[in-house]
Amino acid sequence: MSHNNTNSDRQRRSVDFSEVRNKVPVDWFFEHLLGGSPKQMSGTIRYSVCPNPECGASSKDSVKVSVKDERWKCFACNEHGDVIEAAALYWGKSLVEAALELVGADADILNSYNRPQPKPAIQRDDLALAEVFSRLVAALPEPTRDGIEYLAGRGISPDITRTACKKGIVLTLPSNPKEAKEFLLDRIGYDLMFRAGLWKEGSKAPAAAFRPLVFVSNNKKAAEFRYLRESRPDEVKSLRYGTIAPWGWLGDSRMRILITEGCIDLLSAVALGTKRSVMGLPGCENWRPEWFASFRGADVLTALDDDDAGRTAFEKLRPVLEAAVGGPIGSYKLPTGAKDLNEQLKQKLGLM
Ligand SMILES: [Zn+2]
């Protein structure tokens, strides 16, 4: 029997990983060994320092590591794991060696450690929200005169507004906030609006009552609420509720598709006479690859805004769309002087 190989002796010492995990909180490791200061977030604790030596510390504002349920994950380098994996990575040791070192941590110090508590996770009731939208669609089969007038001013004909309303895409609440509030109380009720996050505790009216133009997503699980007028620079242009989801307009074929930025541009494309099916992204950067899962072999044209944001977004979107389609996609060329489809429409109709 050899007694001179201390390294392999140490390897052979048994170490119970779950005991180490129970004894040493991940947060303690981040605070005491990495020198991180915990930032309490909703449902999680964040740190600006990563156990991966190549990733290391970043500015205090970039809280790139999330710790939750005794696991950590770094959003910068994508490393993740439990406390033993953090220690092994940080010290450049094997898992067994790291676990042995952690188990040697002073029990008194560990016992006096008060771990940071995450803020309670925000409970958003998506089912309640979907119920709100389905009740709104049922309760608002016809657009209001104010709604028709406002959209006509942007080039969208009353016919298209009525059709969009029948499809449950464009809804208009009473334009008087007091009447809108009464309507919402009557048709949806305070409890459901509260559970859906539409009515904040302590407020006299839901913010939606002041934004009567509602664009409902294709899956009826998200919506944008807007003013029936141009918003002022100091105002929030639209309020969004629900998970991010696109708007949809079924054209003559599901295999010829136009992608627009926002719902006004979707409606503008229809008004300009497209026969394509239109998908409106809730923002040029707001999309998910899975939305394009059924696009294989389709003829896809994008029409994002002709500005820096739109062009940058297109360069990110293009490879994802091309992979989904399995071939090249087109990019719509806006006429001179129009930076989006709605401006093209207004130009055509002499509205600008
Ligand atoms: Zn990292």
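Tutor: R154 is buried, at a relative accessible area of 14%; buried means under 20%, exposed over 50% and partly exposed in between, with a 1.4 Å probe and protein chains only. This is a predicted model, where local features need pLDDT of at least 70, side-chain atom pairs count only at pLDDT 80 or more, and totals for chains, interfaces and linings use all residues. Residues are numbered from 1 along each chain as its sequence is written, and side-chain values use heavy atoms, with hydrogens and water left out.

Student: Where is R154 placed?

Tutor: R154 is in the loop between α8 (145-153) and α9 (158-166). Helices (H or I, at least four residues) and strands (E, at least two) are DSSP runs, numbered from the N terminus.

Student: Which residues does R154 touch?

Tutor: Leaving out residues up to four places away in sequence, R154 touches R226, E230, I264, N342, L345, K346 and L351. A contact means heavy atoms within 4.5 Å.

Student: Which residues lie nearest its centre?

Tutor: Of the 27 lining residues, R154, R226, K237, I264 and D340 lie nearest the centre of the largest pocket. β8 (223-226), β9 (238-241), α12 (263-271) and α14 (341-349) each supply at least two residues of that lining.

Student: Is α12 largely enclosed or exposed, and why?

Tutor: α12 is largely enclosed by the rest of the structure, because eight of its nine residues are buried. Among them are C263, I264 and D265. G273 follows α12 and has a positive phi, near 105 degrees.

Student: Switching topic: what is the mean pLDDT of the chain?

Tutor: The mean pLDDT is 91, and 95% of the residues reach 70 or more; pLDDT is the predictor's confidence in each residue, from 0 to 100. Over residues 1-12 the pLDDT is below 50, and this stretch has seven contacts in the model beyond near neighbours in sequence. Where pLDDT is low, the predicted coordinates should not be read in detail.

Notes. 1 Å grid on protein atoms, 1.4 Å probe; cavity = no way out; pocket = protein on both sides within 12 Å on 5 of 7 lines; lining within 4 Å.
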